Amino acid sequence: MENIISEPIVVMPVERKDGTCSLRLCLNQGELTPGMMKRVMEVMVKYGLSALRATTGQRMNLEGIPKDRLEAVVADIGGSVDKAPPSTAVCPGATLCKFGKQATRELGDRLLAAVKENGPYPFKVKSGISGCGMGCGLSFIRDVGLVGGAKGWDVRFGGSARDKAGPGLLLGSGLDDEQALQLVGKALAFYRENGKKRERTSAMLRRLGEKALREAL
Ligand code: SF4
């Protein structure tokens, strides 16, 4: 442990129903470096915190922080933001997974950059990238999803995991990285221009119809 340099982490404070607070660690692709883990351990030991839990969005929550110690914990862990920046759910992909058809990590970063660049949007945009049709990167049920196949990427748009859950529309198949990102950009531009305030992509497509999107692309 001595040779590991402790690294600061950006966090988003969240109030809990029991009067405590948690800190959402703003991780990229769910990754914690040794330096980040060291910082978390130092903070947990110092303040007697007992739980670090994974979120569904590939982040971590540091739980059980008394409100009156929140400021001190935030200062010790690194710094805070009011709103966590968007992230992309990314599976290990072909580089690591024996089922993978396409590598995901690098394109996952580019997908996230494309989501950020094309905003602001009427409401949140969740994205995911999976190296094969198993969809471990939640690609089918995200607003924007890329799914790796033997011949390239499938692009899906308008998926949802909410009450009217379902996979996104298949907008293109067998695409290379550039083609996939270009199509994502066009679909996001359509959402930016046509979505109503606080309307997710899936609700917009139900309202306007699939044809309107396909014609615009
Ligand atoms: S989606 Fe495919 S490549 Fe990605 S982790 Fe799941 S099985 Fe592996």
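Helices (H or I, at least four residues) and strands (E, at least two) are DSSP runs, numbered from the N terminus. This is a predicted model, in which local features need pLDDT of at least 70, side-chain atom pairs count only at pLDDT 80 or more, and totals for chains, interfaces and linings use all residues. Residues are numbered from 1 along each chain as its sequence is written, and side-chain values use heavy atoms, with hydrogens and water left out.

**Whole chain**

Start with everything shown. The protein has six helices and 10 strands. Its C-alpha trace spans about 55 × 40 × 25 Å along the principal axes. Colour by burial next. Of the 217 residues, 46% are buried; buried means under 20% relative accessible area, exposed over 50%, and partly exposed in between (1.4 Å probe, protein chains only). Now consider contacts, meaning heavy atoms within 4.5 Å. Among those with a separation of 6 or more, 56% come from residues 24 or more positions apart.

**Stop 1: the cis peptide**

Select Pro 120. It sits in the loop between α3 (105-118) and β7 (127-130). Look at the bond that joins Gly 119 and Pro 120: the peptide is cis, with omega about 0 degrees. Most residues other than glycine have a negative phi, and most peptide bonds are trans.

**Stop 2: two glutamines with positive phi**

Select Gln 29, in the loop between β2 (20-25) and α1. Its phi is positive, about 55 degrees, although Gln 29 is not a glycine. Gln 29 counts as buried because its relative accessibility is 14%.

Move to Gln 58, in the loop between β3 (52-54) and β4 (60-66). Here too phi is positive, about 60 degrees, in a residue that is not a glycine. Gln 58 has 25% relative accessibility, so it counts as partly exposed.

**Stop 3**

Two packed helices are described by the angle between their axes and the distance between the axes. Axes are lines fitted to C-alpha atoms, for helices over the stretch in contact, and angles run from 0 to 180 degrees between N-to-C directions.

Select residues 34-47 for α1 and residues 70-77 for α2. They pack at about 150 degrees, with axes 10 Å apart. That angle makes α1 roughly antiparallel to α2. Angles under 35 degrees count as roughly parallel, over 145 as roughly antiparallel, 65 to 115 as roughly perpendicular and the rest as oblique.

The crossing of α1 and α2 is right-handed. A crossing is left-handed if the near helix is turned anticlockwise from the far one by less than a right angle, and right-handed if clockwise.

Show side chains. From α1 come Arg 39, Val 40, Val 43, Lys 46 and Tyr 47; from α2 they meet Ala 72, Val 73, Asp 76 and Ile 77. By class this contact has six nonpolar, no polar and three charged residues. Ala, Val, Leu, Ile, Met, Phe, Trp, Tyr, Cys and Pro count as nonpolar, Asp, Glu, Lys and Arg as charged, and the others, Gly among them, as polar.

**Stop 4: α3 against α4**

Now take α3 with α4 (residues 177-194). Their axes come within 10 Å and cross at roughly 25 degrees. This makes α3 roughly parallel to α4. The crossing is right-handed.

On the α3 side, pick Leu 107, Arg 110, Leu 111, Ala 114, Val 115 and Asn 118. They meet Asp 177, Glu 178, Leu 181, Val 184, Gly 185, Leu 188 and Arg 192 in α4. This contact divides into seven nonpolar, two polar and four charged residues.

**Stop 5: around the ligand**

Which residues are around the ligand? Select Cys 91, Pro 92, Cys 97, Phe 99, Gly 100, Ser 130, Gly 131, Cys 132, Met 134, Gly 135 and Cys 136. The shell holds seven nonpolar, four polar and no charged residues.

**Stop 6**

Gly 79 is in strand β5 (residues 78-80). Its C-alpha lies 7.5 Å from that of Pro 8, 71 residues away in sequence. Beyond neighbours within four places in sequence, Gly 79 contacts Ile 9, Val 10, Val 11 and Val 74.

Gly 174 lies in strand β10 (residues 169-175). From Gly 174 to Tyr 47 is 51 Å, C-alpha to C-alpha.

End at Ser 202, in helix α5 (residues 201-208). Ser 202 is buried, at 10% relative accessible area. Leaving aside neighbours within four places in sequence, it touches Gly 158, Gly 159 and Ser 160.

Methods:
A residue is near a molecule or strand if one of its heavy atoms lies within 4 Å of it.
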